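This report looks at one protein chain, from its overall layout to single residue pairs. Please keep the sequence and the 3D view open while reading.

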Amino acid sequence: MDKVGRARELPLFPLPVVLFPGMPMPLHIFEPRYRKLLADIRAGDSLFGLSYFDSDASEKEIPPVGHIGCVAEVTEAQAMPDGRSNILAVGVIRYRVEAYVESDEPYVIARIDTFEDDEEEDEGRLSEMSSDVSGMFMRVAQAIRTINDERGSLPDISDIEPQKLSFLVGAAMELEGELKQELLELRSTSERLRRLRDMLKRVISSYEERARLHSLAKGNGHAGRRIEIE
């Protein structure tokens, strides 16, 4: 966070994926401009900005000024003989792009302003929603494990701090990129948790019913199938 606090300009990596603070994301770097970006940041603070942007679905070449992204830190990098790299990036904090910076670099550089969620007034309500979301998410996760015949225990997420929990669940759920981006942009932890709770409510019975039927049908050779969240 100290490094991010000093960063007012960041190279951007626009991708059709959403990165949440605290969450890991493996990336494959192959374009020459992003190979250069990786080399430059690895020689410095290893920070870049990951912005949700689908160039195939947009008439613009870069995300608009004012968009929200997530500062990412490269924690692992594996170089290949042909110049490509596999990296692991971890989300640190969200940013808003204030302006683009003129540069001779082949990649985009932006002037950014970082932010966190706003303070919550009703801590009791926040704790209640956090408990609801963690409980429902664990039920869905257990159902998926049953459907996929996975064994072993799931990690306990009941004590995770609400904002971090909202990012964890938002990252783990199978949602369209636009929905994930909406969750990322929210500055209210309680509102993010409320939306996640509503999404989980809509699918939890379907997951658990599929898991139940899968368990009953295993002896007959039937297999479960994952259900995507709309």
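## Overall layout

The model is predicted. The chain has 230 residues, and buried residues make up 41% of them. Its C-alpha trace spans about 60 × 50 × 35 Å along the principal axes.

Six helices and six strands make up the secondary structure. Along the sequence they follow the pattern α-β-β-α-β-β-β-β-α-α-α-α.

## Nonpolar cores

In soluble globular proteins, nonpolar side chains tend to be buried together. In this model, the largest nonpolar core has 31 residues. Phe20, Val169, Met173, Leu200 and Tyr207 have the most contacts inside this core. Four helices each supply at least two of its residues: H3, H4 (162–172), H5 (177–185) and H6 (189–217). Helix H3 gives the largest share, nine residues.

There is also a second, separate core, which has 19 residues. Among its members are Leu19, Leu27, Ala89 and Ile109.

## A residue in strand S1

Leu15 belongs to strand S1, which covers residues 9–15. Is Leu15 buried or exposed? Its relative accessibility is 17%, and the limit for a buried residue is under 20%. Leu15 therefore counts as buried.

Leu15 and Phe53 are 38 residues apart along the chain, while their C-alpha atoms are separated by 5.1 Å.

## Salt bridges

How many salt bridges does a search of the whole structure find? The search finds 17. Three of these pairs are described here.

Glu31 and Arg33 form a salt bridge in which the closest N and O atoms are 3.0 Å apart. Glu31 is partly exposed, with a relative accessible area of 28%. Arg33 also counts as partly exposed, because its relative accessibility is 37%. A second pair is Arg139 and Glu208, whose side chains meet at 2.8 Å, N to O. This pair links distant parts of the chain: Arg139 lies in helix H3 and Glu208 in helix H6, 69 residues apart. At 42% relative accessibility Arg139 is partly exposed, and Glu208 is partly exposed at 28%.

Glu191 is partly exposed, with a relative accessible area of 22%, and Arg195 is partly exposed, with 27%. The pair is part of a network, in which salt bridges with shared partners join Glu182, Glu191, Arg194, Arg195 and Asp198.

## A negative surface patch

Which residues form a negative surface patch? They are Asp118, Glu119, Glu121, Asp122 and Glu123. One of them, Glu121, lies in the loop between strand S6 (109–115) and helix H3 (123–147).

Glu121 has a relative accessibility of 82%, and a residue counts as exposed when this value is over 50%. Glu121 is therefore exposed.

Conventions
Residues numbered from 1 in each chain as written. Predicted model: local features only at pLDDT ≥ 70, side-chain atom pairs only at ≥ 80, totals over all residues. Heavy atoms only, no water. Patch = residues over 30% accessible without salt bridge, like charges linked within 9 Å, V, L, I, M, F, W, Y side chains within 5 Å. Areas by Shrake-Rupley, 256 points an atom, 1.4 Å probe, with all protein chains shown as cover. Salt bridge = Lys/Arg side-chain N within 4 Å of Asp/Glu carboxyl O. Lys, Arg positive; Asp, Glu negative; His and termini not counted. Charge placed at Lys NZ, Arg CZ, Asp CG, Glu CD. Buried < 20%, exposed > 50% of the residue type's maximum accessible area, 1.4 Å probe, protein only. Core = buried A, V, L, I, M, F, W, Y, C linked by side-chain atoms within 4.5 Å.
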